[in-house]
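My notebook is open and the viewer is loaded.

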Amino acid sequence: MLFSLLQVSCNICPMSLIKISIANRCRRAFKIIVCCAASGLIFTARADNAANTNAAPGWHILDNLGAPAWDGKILSYHGSQGTLAIIPLSDDVIRVRFTSAQEFGRDHSYAVINQDPGAPTVSAKIDNDIATLRTASLEVTVRQSPLRISFANTNGEVMDADDAQFGTSLSSDGSFRVAKELPDDAHVYGLGEKSGVLDKRGWKLGGYDYVMWNSDTFGYDSGTDPMYVSVPFYMVMRNGEAHGIFLDNTWRSFFDIGHEQQGLLNFGAAGGELNYYFINGPEPKKVVERYTQLTGHMPLPPLWALGYNQCRYSYYPEARVRRLADTFRKEQVPADVIWLDIHYQDNYKPFTWNLQRFPNPQKMLSDLRAQGFHVVTIVDPHPKVEKGYAPYDEGTAGDYFVKNPDGSTYEGPVWPSNAETNPGPSVFPDFSNPTARRWYGSLYKGFIDMGVAGIWNDMDEPAVFKTPTGTMPLDTVFDNEGQPTTQREIHNVYGQLMSRSTYEGLLQLRSNERPFVLTRASYAGGQRYAAVWPGDNTSDWSSLRQSVPMLLGMGLSGFSYVGCDIGGFAGSPDGELYSRWLQMDVFYPFMRSHSTQGSPDKEPWDWGKAFEAINKRSIELRYELLPYIYNTMHQASETGLPALRPLFLEFPHDRDVTGTDNEFMFGDSLLVSPVLVQGETNHAVYLPKGDWFDYWTGQKFSGRTNIQMAVTLDSIPMFVRGGGFIFRQPVIQFTGQMPGNPLEVLVAPARESSASFYEDDGESLDYRSGQFMKRQFRQTSDDRGMTVEISGPEGSYRPAVRALILETWMARAPKGVSAQIGGAPLEKLSGWSYRNGLLRIKVNDTFQATRIVIEK
Ligand code: GLC
């Protein structure tokens with residue numbers, strides 16, 4: 001008889017600890033659902049039999065691969081069980097590659113675009129049973145018999161080690177697994193789009209296990225796994241020091257984080273090469289930066305896409321869409337984007353319009369553009385089987401579709417099989433074939449020419465209806481960039497490759513415009529092509545709460561441009577839930593309301609005037625903060641650091657935040673603690689080390705403290721870090737109104753701090769050739785006052801003439817304010833006001849070096 005004891009501590013109401021003891025007599029796994037009565041949060045956990053599969057029949061542990069050879073770049077082993085290479089790519093990144101074959105196959109990756117992140121200085125020492133590689137930051141030890149690998153820092157402190165008993169195991173069916181030690185004090189994060197909690201170590205006893213297999217998971221809950229996206233990357237943090245492991249393998253893979261055995265972290269895949277990267281920190285930010293150096297950064301999005309997006313399944317006919325646009329403008333609720341879901345198409349066929357519903361799409365798009373709206377249309381990966389329909393005819397002629405093993409074209413039912421008239425099956429472009437990828441990307445031409453602004457790729461897991469697996473058969477055949485394989489290997493990367501086809505297609509068609517692509521499915525590295533939203537969530541409080549750890553995990557895994565359906569896709573939120581969701585999504589990089597077919601609309605004014613005012617205020621806050629948001633997204637595009645950050649990323653040495661996933665940082669200066677609980681009136685916030693200022697009142701708090709604050713329906717608890725700079729602006733109705741709008745710079749006092757602020761035209765690629773403006777802002781404060789220095793600009797872009805308004809909180813009105821602009825002498829300023837503790841100083845933004853001195 002086996003016993004498991006699970007303890008769940010609720011993150012929202014830390015006092016409630018739920019303990020469950022289960023006598024597990026049978027050999028089958030089972031699911032437990034726990035509902036915390038206080039928070040309404042639902043935890044779902046799978047509990048398995050505790051037998052160790054490392055030692056299961058059919059598996060053998062990798063033993064002795066013989067003596068190594070070091071050629072100055074690669075440490076290689078060739079033995080009867082296979083071939084191993086340890087490759088230092090930089091001082092901080094080590095690649096481990098193993099195949100059970102005698103030679104490595106093609107070295108190919110859909111994720112890694114940079115195999116050369118830095119020239120390492122490596123010394124090798126080869127003894128009888130042990131080989132050691134030393135770089136400037138790491139020591140890699142490979143024990144020969146039995147084969148075990150470990151990574152230590154230069155102090156000899158082991159960060160990551162193969163488990164002494166199990167090491168690496170291979171199965172006769174081509175699967176492999178690696179068992180690593182998981183110390184008791186290790187926290188594990190990442191793994192991309194995963195439900196549950198932020199720290200994947202999770203349960204006090206028995207961790208979590210996760211699978212990577214892109215899946216269409218309508219109405220998922222906190223225990224649903226796998227989901228739409230696969231990112232086989234995790235970060236381990238102990239005592240504030242972090243490292244990462246990226247398993248670059250697109251096959252079905254799994255990650256067992258202390259679940260099967262408390263002290264073991266197992267990962268593996270159903271086939272392909274064992275190919276992983278050890279990524280050093282020790283700061284967790286460094287791990288994310290180095291991981292995204294390998295797999296790429298999100299491109300800078302167009303500014304309009306960072307505004308408010310309104311979607312439903314589906315807005316039609318044209319009159320409905322126009323009414324929607326008019327209502328936004330009439331109600332003065334800011335918005336930039338209207339989305340068209342599958343009903344705009346002719347019988348759900350990609351690249352078509354239903355001309356009864358939308359008789360003149362081009363005219364509609366240009367009229368909407370004149371009102372300041374951009375339109376994004378859905379385009380799925382499944383052209384209908386229909387002679388005379390160009391995407392089908394051309395794709396057939398070009399031989400671009402996924403094949404059955406017998407060479408015939410695979411056909412399966414998706415949306416076109418549900419069409420009201422003339423339903424039929426679909427074919428699926430083989431996006432792993434570069435020619436097919438380019439071809440599908442070129443099909444957007446008609447849409448682009450008529451004024452469609454961005455593309456939404458959905459169902460790209462790929463989802464197939466009426467099959468038990470929800471996708472294509474595993475033996476369907478793909479080109480795989482010239483080395484044919486089956487869906488087993490391509491499935492997880494299909495969505496990433498579809499969004500690549502779209503991104504590259506749009507870039508080709510509009511060579512100086514930033515593409516905007518949203519995808520549901522993706523794989524590691526997919527951040528280079530598209531924003532991601534985690535599909536079909538549900539209109540309940542649990543789904544709202546769950547989105548925070550999920551999106552924080554995405555950000556840690558390279559995907560910075562993320563956001564979930566506001567209000568929940570499936571179901572119908574009440575006014576309170578919708579408003580809370582919208583308030584939280586002000587800080588989700590992608591901000592879109594969406595609603596499933598047949599459910600009530602989820603528009604900001606749908607719950608009566610009182611809620612409309614609250615919702616309008618939330619969207620206005622988004623537009624006020626856009627300069628800060630854009631600056632943060634620019635930083636993400638350059639460094640890979642996500643906009644949405646778990647507290648531990650900013651405060652790795654604060655032991656109280658290792659599992660915090662009900663509040664987060666947006667960028668480096670704003671801490672957001674959204675209200676996630678129905679009916680809450682008293683809200684608990686944890687503030688890490690340092691000074692914090694309530695964004696709304698300027699009230700100062702000293703960190704490493706828990707505070708309680710009264711909240712009402714319109715409260716959005718948020719705090720500015722001492723020394724933080726918040727770049728903002730007065731409300732506008734859409735991003736096209738930004739030129740000429742004043743730039744407001746809110747500075748939270750600290751002894752000394754600085755920030756850089758980036759601007760450009762918001763839509764073209766000219767920034768790549770220097771047409772941007774970047775300025776450094778620096779402040780110093782003491783008892784006598786505050787000085788703010790703004791550097792002269794870097795880059796050749798200059799915004800339209802506007803005012804610059806410097807704001808800061810002060811206990812009393814200042815004695816005086818003076819400014820020095822360009823080379824001019826310091827002059828007293830009269831253009832300032834002081835009200836309710838906030839000082840506002842107005843100058844012309846001349847884009848010259850400026851110094852503003854505030855005397856207390
Ligand atoms: C899928 C998408 C959803 C979309 C629907 C119809 O369920 O996840 O967002 O509205 O398909 O296209």
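How many residues lie between β11 and β12 in their hairpin? I counted three residues between them.

Ground rules before I go on. This is a predicted model, where local features need pLDDT of at least 70 and side-chain atom pairs count only at pLDDT 80 or more, while totals for chains, interfaces and linings use all residues. Residues are numbered from 1 along each chain as its sequence is written, and side-chain values use heavy atoms, with hydrogens and water left out.

**Entry 1**

I looked up what the labels mean: helices (H or I, at least four residues) and strands (E, at least two) are DSSP runs, numbered from the N terminus. Two strands pair if DSSP finds at least two bridges between them. Strand β11 (residues 130-134) runs antiparallel to β12 (residues 138-143), and five bridges join them. Ala131 has Val142 in β12 as its bridge partner. I then followed β12 onward to β13 (residues 148-153), again antiparallel, with six bridges. A hairpin of four residues links β12 to β13, and Arg143 stands opposite Arg148.

**Entry 1: a five-stranded sheet**

I traced an open sheet with the order β44-β45-β49-β53-β52 and mixed pairing. Its edge strands, β44 (725-728) and β52 (832-835), each pair on one side only. On average, neighbouring strands here are turned by 20° against each other, direction ignored; axes are lines fitted to C-alpha atoms, for helices over the stretch in contact, and angles run from 0 to 180 degrees between N-to-C directions. Helix α11 (residues 626-639) packs on this sheet and touches β44 and β45 (743-747), where contact means heavy atoms within 4.5 Å. The direction of α11 makes about 115° with that of β44.

**Entry 2**

Inside the order, β27 (residues 374-378) runs parallel to β28 (residues 454-457) over three bridges, and Val376 partners Gly454.

**Entry 3: the ligand**

Which residues surround the ligand? I listed Tyr313, Asp341, Ile342, Ile378, Trp415, Trp456, Asp458, Arg520, Trp533, Asp536, Phe569 and His594, using the rule that a residue is near a molecule if one of its heavy atoms lies within 4 Å of it. This shell divides into seven nonpolar, one polar and four charged residues. I checked distances from side-chain N or O atoms to ligand oxygen atoms: 2.5 Å for Asp536, 2.8 Å for Arg520 and 2.9 Å for His594. The protein covers 97% of the 310 Å² of accessible area that the ligand has on its own; such areas come from the Shrake-Rupley method with a 1.4 Å probe.

Most residues other than glycine have a negative phi, and most peptide bonds are trans. I noted some exceptions. The bond from Gly281 to Pro282 is cis, with omega near 0°, and Pro282 sits in the loop between β24 (274-280) and α1 (284-295). The bond from Tyr316 to Pro317 is cis too, with omega near -5°. Asp399 has a positive phi of about 60° although it is not a glycine; look for Asp399 in the loop between α4 (390-398) and α5 (434-442).

How values were computed:
A polar contact is a pair of N or O atoms within 3.5 Å; within protein, one must be able to donate a hydrogen and the other to accept it, and residues adjacent in sequence count only if both atoms are side-chain atoms. Ala, Val, Leu, Ile, Met, Phe, Trp, Tyr, Cys and Pro count as nonpolar, Asp, Glu, Lys and Arg as charged, and the others, Gly among them, as polar.
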